[in-house]
Amino acid sequence: MKLPCYLVRDLLPLYKDEVCEPETAADVKEHLDGCPDCRHLWETMQDTAPLEGEVAQAREQEQTAALRRVKHLQQRNRLLTVVVAAILTLGAVYLGLRLVHDYANNTYLDYDANAILKVEYKEHAEESTYLPGGEGLYITLDPTQYNTLQWTTFLDTEKGKVVVFTLGNSLWNQWMKTQWYGLAEGLPYTSELCTDRTYTSQTMDALVAAYYLPYSEFKTWVEQEKQELPEDAVLVWQRDAQ
(Lines give C-alpha, C1' and ligand atoms only; values in the text may rest on other atoms or scores of the structure.)
Protein backbone atom coordinates (compact mmCIF):
# COMPACT_ATOMS: atom_id res chain seq x y z
CA MET A 1 0.00 0.00 0.00
CA LYS A 2 1.42 3.31 -1.05
CA LEU A 3 1.00 6.00 1.63
CA PRO A 4 0.68 9.72 0.87
CA CYS A 5 3.46 12.07 2.05
CA TYR A 6 1.31 13.94 4.58
CA LEU A 7 0.34 10.70 6.29
CA VAL A 8 3.92 9.41 6.34
CA ARG A 9 5.13 12.66 7.91
CA ASP A 10 2.50 12.29 10.64
CA LEU A 11 3.60 8.68 11.21
CA LEU A 12 7.33 9.40 11.30
CA PRO A 13 7.48 10.09 15.13
CA LEU A 14 5.67 6.78 15.75
CA TYR A 15 7.87 5.04 13.22
CA LYS A 16 10.95 6.49 14.92
CA ASP A 17 9.81 5.25 18.35
CA GLU A 18 8.96 1.84 16.80
CA VAL A 19 5.39 1.83 18.03
CA CYS A 20 3.70 1.39 14.63
CA GLU A 21 2.03 -1.84 13.58
CA PRO A 22 4.39 -4.02 11.53
CA GLU A 23 2.32 -3.52 8.37
CA THR A 24 2.28 0.27 8.86
CA ALA A 25 6.03 0.34 9.53
CA ALA A 26 6.61 -1.62 6.32
CA ASP A 27 4.49 0.84 4.33
CA VAL A 28 6.34 3.84 5.86
CA LYS A 29 9.71 2.23 4.98
CA GLU A 30 8.57 1.58 1.44
CA HIS A 31 7.51 5.22 1.09
CA LEU A 32 10.81 6.52 2.50
CA ASP A 33 12.74 4.39 0.02
CA GLY A 34 10.94 6.04 -2.87
CA CYS A 35 10.34 9.62 -1.62
CA PRO A 36 13.41 11.90 -1.35
CA ASP A 37 11.56 14.65 0.54
CA CYS A 38 10.18 12.36 3.23
CA ARG A 39 13.52 10.53 3.45
CA HIS A 40 15.27 13.88 4.01
CA LEU A 41 12.82 14.70 6.82
CA TRP A 42 13.45 11.25 8.32
CA GLU A 43 17.19 11.72 8.19
CA THR A 44 16.81 15.13 9.83
CA MET A 45 14.83 13.51 12.63
CA GLN A 46 17.58 10.94 13.02
CA ASP A 47 20.18 13.72 13.35
CA THR A 48 18.23 15.42 16.14
CA ALA A 49 18.03 12.24 18.15
CA PRO A 50 21.43 12.72 19.83
CA LEU A 51 20.44 16.26 20.71
CA GLU A 52 17.40 14.98 22.57
CA GLY A 53 19.65 12.53 24.37
CA GLU A 54 21.98 15.33 25.34
CA VAL A 55 19.04 17.35 26.64
CA ALA A 56 17.90 14.40 28.71
CA GLN A 57 21.44 13.90 29.99
CA ALA A 58 21.73 17.62 30.83
CA ARG A 59 18.45 17.45 32.71
CA GLU A 60 19.65 14.42 34.61
CA GLN A 61 22.90 16.20 35.48
CA GLU A 62 21.00 19.26 36.61
CA GLN A 63 18.77 17.12 38.81
CA THR A 64 21.84 15.41 40.27
CA ALA A 65 23.48 18.80 40.95
CA ALA A 66 20.25 20.06 42.53
CA LEU A 67 20.14 17.00 44.78
CA ARG A 68 23.75 17.61 45.75
CA ARG A 69 23.00 21.23 46.58
CA VAL A 70 20.03 20.19 48.71
CA LYS A 71 22.14 17.56 50.47
CA HIS A 72 24.94 20.08 51.05
CA LEU A 73 22.44 22.60 52.41
CA GLN A 74 20.99 19.97 54.74
CA GLN A 75 24.47 19.03 55.96
CA ARG A 76 25.34 22.70 56.52
CA ASN A 77 22.10 23.27 58.41
CA ARG A 78 22.74 20.21 60.57
CA LEU A 79 26.29 21.41 61.27
CA LEU A 80 25.00 24.89 62.08
CA THR A 81 22.41 23.39 64.42
CA VAL A 82 25.11 21.36 66.19
CA VAL A 83 27.40 24.41 66.51
CA VAL A 84 24.59 26.62 67.84
CA ALA A 85 23.53 23.90 70.28
CA ALA A 86 27.14 23.51 71.45
CA ILE A 87 27.52 27.27 71.92
CA LEU A 88 24.26 27.48 73.85
CA THR A 89 25.27 24.50 75.98
CA LEU A 90 28.69 25.98 76.74
CA GLY A 91 27.07 29.33 77.50
CA ALA A 92 24.62 27.68 79.89
CA VAL A 93 27.44 25.71 81.55
CA TYR A 94 29.56 28.87 81.88
CA LEU A 95 26.65 30.86 83.29
CA GLY A 96 25.86 28.05 85.72
CA LEU A 97 29.48 27.78 86.86
CA ARG A 98 29.71 31.57 87.18
CA LEU A 99 26.58 31.68 89.34
CA VAL A 100 27.91 28.84 91.48
CA HIS A 101 31.28 30.60 91.80
CA ASP A 102 29.71 33.95 92.72
CA TYR A 103 27.46 32.29 95.27
CA ALA A 104 30.24 30.21 96.81
CA ASN A 105 32.74 33.08 96.75
CA ASN A 106 30.33 35.34 98.61
CA THR A 107 29.10 32.76 101.09
CA TYR A 108 31.25 32.94 104.21
CA LEU A 109 31.62 30.15 106.70
CA ASP A 110 32.54 30.49 110.34
CA TYR A 111 36.29 30.47 110.78
CA ASP A 112 37.43 27.82 113.23
CA ALA A 113 38.49 29.59 116.44
CA ASN A 114 41.08 26.85 116.99
CA ALA A 115 42.82 28.07 113.83
CA ILE A 116 43.75 31.29 115.69
CA LEU A 117 47.19 30.25 116.90
CA LYS A 118 48.33 33.42 118.59
CA VAL A 119 47.33 37.06 119.14
CA GLU A 120 49.98 39.51 120.34
CA TYR A 121 50.52 43.24 120.51
CA LYS A 122 53.71 44.50 118.94
CA GLU A 123 55.15 47.95 118.79
CA HIS A 124 56.53 48.76 115.35
CA ALA A 125 57.04 45.20 114.23
CA GLU A 126 59.73 44.74 111.62
CA GLU A 127 58.55 44.71 108.04
CA SER A 128 58.84 41.52 105.96
CA THR A 129 57.58 40.25 102.63
CA TYR A 130 54.28 39.19 104.14
CA LEU A 131 54.10 41.40 107.22
CA PRO A 132 54.17 45.23 107.12
CA GLY A 133 55.51 47.10 110.10
CA GLY A 134 53.23 48.97 112.45
CA GLU A 135 52.12 49.13 116.07
CA GLY A 136 49.12 46.99 116.86
CA LEU A 137 47.67 43.50 117.05
CA TYR A 138 49.14 40.66 115.02
CA ILE A 139 46.89 37.62 114.70
CA THR A 140 48.73 34.44 113.71
CA LEU A 141 46.46 31.92 111.97
CA ASP A 142 46.72 28.35 110.79
CA PRO A 143 48.02 28.75 107.18
CA THR A 144 45.97 25.78 106.00
CA GLN A 145 42.74 27.44 107.14
CA TYR A 146 42.63 30.21 104.56
CA ASN A 147 40.63 33.30 105.55
CA THR A 148 39.22 35.85 103.14
CA LEU A 149 37.55 38.35 105.42
CA GLN A 150 38.48 40.50 108.37
CA TRP A 151 35.74 42.60 109.89
CA THR A 152 36.30 44.68 113.02
CA THR A 153 34.27 46.83 115.37
CA PHE A 154 35.64 48.94 118.24
CA LEU A 155 33.62 49.32 121.43
CA ASP A 156 34.03 51.50 124.49
CA THR A 157 33.43 49.35 127.58
CA GLU A 158 33.87 49.80 131.32
CA LYS A 159 37.33 48.24 131.01
CA GLY A 160 38.29 50.50 128.11
CA LYS A 161 38.36 50.26 124.32
CA VAL A 162 38.07 46.76 122.93
CA VAL A 163 37.97 45.39 119.40
CA VAL A 164 35.66 42.62 118.20
CA PHE A 165 36.81 40.97 114.99
CA THR A 166 35.77 38.08 112.78
CA LEU A 167 37.48 36.01 110.13
CA GLY A 168 35.63 34.40 107.29
CA ASN A 169 36.46 31.49 105.03
CA SER A 170 34.41 31.43 101.84
CA LEU A 171 32.61 28.31 100.68
CA TRP A 172 34.60 28.53 97.42
CA ASN A 173 37.93 28.44 99.26
CA GLN A 174 36.72 25.46 101.24
CA TRP A 175 35.82 23.64 98.03
CA MET A 176 39.16 24.56 96.45
CA LYS A 177 41.05 23.79 99.67
CA THR A 178 42.81 27.16 99.34
CA GLN A 179 45.83 27.66 101.56
CA TRP A 180 48.02 30.60 102.55
CA TYR A 181 50.46 31.15 99.68
CA GLY A 182 53.39 31.64 102.07
CA LEU A 183 52.91 28.12 103.40
CA ALA A 184 55.49 26.72 100.99
CA GLU A 185 58.09 28.98 102.61
CA GLY A 186 57.11 27.79 106.08
CA LEU A 187 55.56 31.14 107.03
CA PRO A 188 52.47 31.38 109.24
CA TYR A 189 49.54 33.46 108.05
CA THR A 190 49.31 36.70 110.01
CA SER A 191 46.45 39.16 109.93
CA GLU A 192 47.16 42.53 111.49
CA LEU A 193 45.25 45.36 113.13
CA CYS A 194 47.90 48.03 113.27
CA THR A 195 48.58 51.70 112.65
CA ASP A 196 49.76 51.00 109.10
CA ARG A 197 46.39 49.50 108.27
CA THR A 198 43.95 52.43 108.70
CA TYR A 199 43.90 52.51 112.49
CA THR A 200 45.38 55.48 114.34
CA SER A 201 48.04 55.16 117.01
CA GLN A 202 45.63 56.67 119.57
CA THR A 203 43.12 53.90 118.86
CA MET A 204 45.71 51.17 119.17
CA ASP A 205 47.29 52.69 122.29
CA ALA A 206 43.86 52.75 123.99
CA LEU A 207 43.08 49.16 123.10
CA VAL A 208 42.82 46.89 126.17
CA ALA A 209 41.37 43.66 124.75
CA ALA A 210 40.47 41.81 121.57
CA TYR A 211 37.57 39.39 121.08
CA TYR A 212 36.83 36.95 118.31
CA LEU A 213 33.26 36.33 117.13
CA PRO A 214 32.32 33.79 114.42
CA TYR A 215 31.19 35.36 111.16
CA SER A 216 27.53 34.28 111.32
CA GLU A 217 27.13 35.73 114.82
CA PHE A 218 29.17 38.82 113.97
CA LYS A 219 26.97 39.57 110.95
CA THR A 220 23.80 39.29 113.03
CA TRP A 221 25.29 41.40 115.81
CA VAL A 222 26.29 44.17 113.39
CA GLU A 223 22.91 44.13 111.65
CA GLN A 224 21.20 44.57 115.02
CA GLU A 225 23.46 47.58 115.69
CA LYS A 226 24.12 46.51 119.25
CA GLN A 227 26.76 48.45 121.16
CA GLU A 228 27.41 45.99 123.95
CA LEU A 229 29.97 43.21 123.83
CA PRO A 230 28.46 39.97 122.41
CA GLU A 231 28.02 37.23 125.00
CA ASP A 232 29.64 34.59 122.75
CA ALA A 233 32.70 36.73 121.95
CA VAL A 234 35.92 34.89 122.82
CA LEU A 235 38.68 36.82 124.52
CA VAL A 236 41.87 36.21 122.50
CA TRP A 237 44.09 39.01 123.78
CA GLN A 238 44.24 41.32 126.75
CA ARG A 239 46.76 44.06 127.46
CA ASP A 240 48.92 43.37 130.46
CA ALA A 241 48.17 45.48 133.49
CA GLN A 242 50.68 48.32 133.85
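Modeller: Contact here means heavy atoms within 4.5 Å. We're looking at a predicted model, where local features need pLDDT of at least 70 and side-chain atom pairs count only at pLDDT 80 or more, while totals for chains, interfaces and linings use all residues. Residues are numbered from 1 along each chain as its sequence is written, and side-chain values use heavy atoms, leaving out hydrogens and water.

Biologist: How many helices and strands does the protein have?

Modeller: Helices (H or I, at least four residues) and strands (E, at least two) are DSSP runs, numbered from the N terminus. From the N terminus, the elements run α-α-α-β-β-β-β-β-α-β-α-β-α-β. That comes to six helices and eight strands.

Biologist: What share of the protein's residues is buried?

Modeller: Buried is under 20% relative accessible area, exposed is over 50%, and partly exposed is in between (1.4 Å probe, protein chains only). Of the 242 residues in the protein, the buried share is 29%.

Biologist: Which residues of helix 2 are buried?

Modeller: Helix 2 covers residues 22-34. On one side of it, Pro22, Glu23, Asp33 and Gly34 are exposed. The buried ones are Asp27, Val28, His31 and Leu32.

Biologist: How wide an arc do they cover around the axis of helix 2?

Modeller: The arc is taken from the directions running from the helix axis to the C-beta atoms. Asp27, Val28, His31 and Leu32 are the buried set. They sit on the same side of helix 2 because their arc is only 135°.

Biologist: Is Trp237 buried or exposed?

Modeller: Trp237 lies in strand 8 (residues 234-238). Leaving aside neighbours within four places in sequence, its contacts include Tyr121, Leu137 and Val208. Its relative accessibility is 8%, so Trp237 counts as buried.

Biologist: How far apart in space are Trp237 and Val208?

Modeller: They're in contact. In sequence they are 29 residues apart, but in space, C-alpha to C-alpha, the distance is 8.3 Å.

Conventions: Expected span 1.5 Å × (residues − 1).
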